[in-house]
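Biologist: Please show me the chain. I have a few questions about it.
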Amino acid sequence: MAPPAARARYIANKADNQILSKKPPKRPGLNRNNKAKEAAPAGKKKDKDAKKRNQPTSGAQEKGLPNPIMPSVQTAFKTFVSARLCSAIWAYIADCDETFNYWEPLHYIINGHGLQTWEYSPQFGLRSYTYLLLQGVPGYFYQKLFNPSPILIFYMVRCMLGFGCAVMERYMYKSICQEFGIHIGRLWLIFQLFSVGMFVSSTALLPSSFSMYFGCAALAAWWQQNYCFAIFLTAISALLGWPFAALIGIPLVLEMLLRQRDWKTFVQWTLISGATVAIPMIAIDTSYFGKLTFAPLNIVWYNVFTSHGPNIFGTEPLSYYIINGFLNFNIIWLLALQLPIMLVMDYLIVPAKSKSTLNFPHYISLAPLYLWLLVFFAQPHKEERFLFPIYPLISLCGAITVDVYQRIFFRMKSVIFKIKAGVHYLDHSMFIAILVMVTSTLLGLSRVFALYRNYHAPMDLMLELNQFKATPQYDPDVIYNVCIGKDWHRYPGSFFFPAKNFRLRFLKSEFRGMLPAYYDERQNATKVVQPYFNDLNQENEHMYFDYDRCDFLVDFDEGKYTALEPNYSKRSKDWSVMKSLPFLIPEKSHKVLRAFYVPFLTDNHIQYGDFNLLKRKTERNGR
């Protein structure tokens, strides 16, 4: 028996749940009384009951097909909001690029001081202040109106990002249910909620996360054949977010030009969208940098056309993305990778009488994922955040693969056991979907718990400085220097300082690359070209601070020491341990059990070091 088309499944579910359409589907042959009852006002309970009793059945129901239980769009949205708020509170900052390239300049915009990286130097102009202002304006007004602790601004911005991600997922969920079917929509919902990748990326202050919001919303609009809106969202994703995210829109463009031959709409809305986004963006960035600046063009030029490009920051083998994908999506990642093969098998084995999607064949609607993987897998410089824009597509392709397995299983079973016609394939194969959902959920929760236990210490440690602010020793008129050495990349940002008179300082370590420096204290600091910045990742002594002037020191004691990276916590004459928290030592821990938490087993096979916050015993200036 052929599986029902996505259209039939969608219409059948609308009749039962009344969630994706305000009007119930019509069925030929309804008598006038039934029509009158359906058209009656919804304000009276009696009329509501009559409407339910005389509810027409769809074509799928007439064939005896089951009506799958589908969470409503509103219910799905509430679950997405809950999951993303959990991410906002408990996810740690995994990428130092997020801290220094986004949280620190945002701190400068809101509080008047913060660290500046070379990408924000006017001579390079690789990052856009317009993107920061979109996140920073709410935080700026929050700070001016209520003068809260900086950490509250940090979490307010994070919650705002999580809510924005949930809005995107709501829109995408509705579109998936329409285009690919109710069953795939349900699977995608579960995979998204318990995806580690979404837990990490949904509230990250990164252009790649921003591009995920708008890029996937553009795909959802495209699947609904809302081409104008899809083009506009793609422009926002690529211009305000990450220019390389335009890659997601290539299948959309090709489908419009070659399949629909709608050149007029494409050209018209490309110009409208580009002008609407780019003109204000250029104006804002030019005012900040003090010269004509178009950041998306600059970053593309640097990464593609310079002789060194991003490879000076490190290269990784192909296995990096394979392993990273499994850590973030576990078995869903493996299922997504095999989807092209499974779709061919589905076509050959299952004799479908109707297409399984509403508007586009799979090779068009899912092309953005595999085009993205093809391009970024080939790049020597690899980072986890480069895959953020296609994370929801990984969940979708995993869900479709599960559905294909179910249909193939039912086909084989119906041939072997001669199952009678009219039986739905989900009646005999739901155990496959349940098995995948349970396994993926357990692995996802295990990974999230492991991340929190193993790597959240730096964020918790910095909050301890708030306790110092409440002591009599604290002086609001003194600048307190919080120093950090080899662990500079684990610093969560200046929003974790309790007040504006705390500064991060770098101690010289074995690291030999470019570090950030504080924005100039003069006005128009964003326009000042500093001589110590370069685009070659070369060290500059200007960034280092005098050890003897440190008031606090953050250091991870993992048992390895050098002359430049001593065990500061053992210098008991200089320092007292203010707070110490466990932090994973990867080299001394089991590879699998450090990645996934297994009760009663993980603790016996991993090892932690002490992440210390030290306070100087001898106070400066007689204090």
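Biologist: What is the average pLDDT of the chain, and over which residues is the pLDDT below 50?

Modeller: This is a predicted model. The chain averages a pLDDT of 89, and 88% of the residues score at least 70. The pLDDT below 50 falls over residues 1-66.

Biologist: How far apart are the end C-alpha atoms of residues 360-378?

Modeller: UniProt, in an unreviewed entry, lists residues 360-378 under "transmembrane region". The span is 79% helix and 0% strand. Its end C-alpha atoms lie apart by 28 Å.

Biologist: Why do the buried residues of helix 17 lie on the same side?

Modeller: In helix 17 (residues 339-349), the buried residues are Leu339, Met342, Leu343 and Asp346. They lie on the same side of helix 17 because they cover an arc of only 105° around the axis.

Biologist: Which residues are exposed on the other side of helix 17, and what covers the buried ones?

Modeller: Ile341 and Leu348 are exposed on the other side. The cover of the buried residues includes helix 16 (319-337), helix 18 (362-365), helix 19 (367-377) and helix 20 (391-417).

Biologist: Is Arg261 buried or exposed?

Modeller: Arg261 sits in the loop between helix 13 (250-260) and helix 14 (263-289). Its phi is positive, near 55°. Exposed means over 50% relative accessible area. Arg261 has 63% relative accessibility, so it counts as exposed.

Biologist: What is the relative accessible area of Asn524?

Modeller: Asn524 lies in the loop between strand 4 (517-518) and strand 5 (552-557). Asn524 has a positive phi of about 55°, although it is not a glycine. Most residues other than glycine have a negative phi. Asn524 is partly exposed, with a relative accessible area of 48%.

Notes: Residues numbered from 1 in each chain as written. Predicted model: local features only at pLDDT ≥ 70, side-chain atom pairs only at ≥ 80, totals over all residues. Heavy atoms only, no water. UniProt positions renumbered as here; feature names shortened; annotations may be inferred. Helix = DSSP H or I, 4+ residues; strand = E, 2+ residues; numbered from the N terminus. pLDDT = per-residue confidence, 0-100. Contact = heavy atoms within 4.5 Å. Buried < 20%, exposed > 50% of the residue type's maximum accessible area, 1.4 Å probe, protein only. Arc of directions from axis to C-beta.
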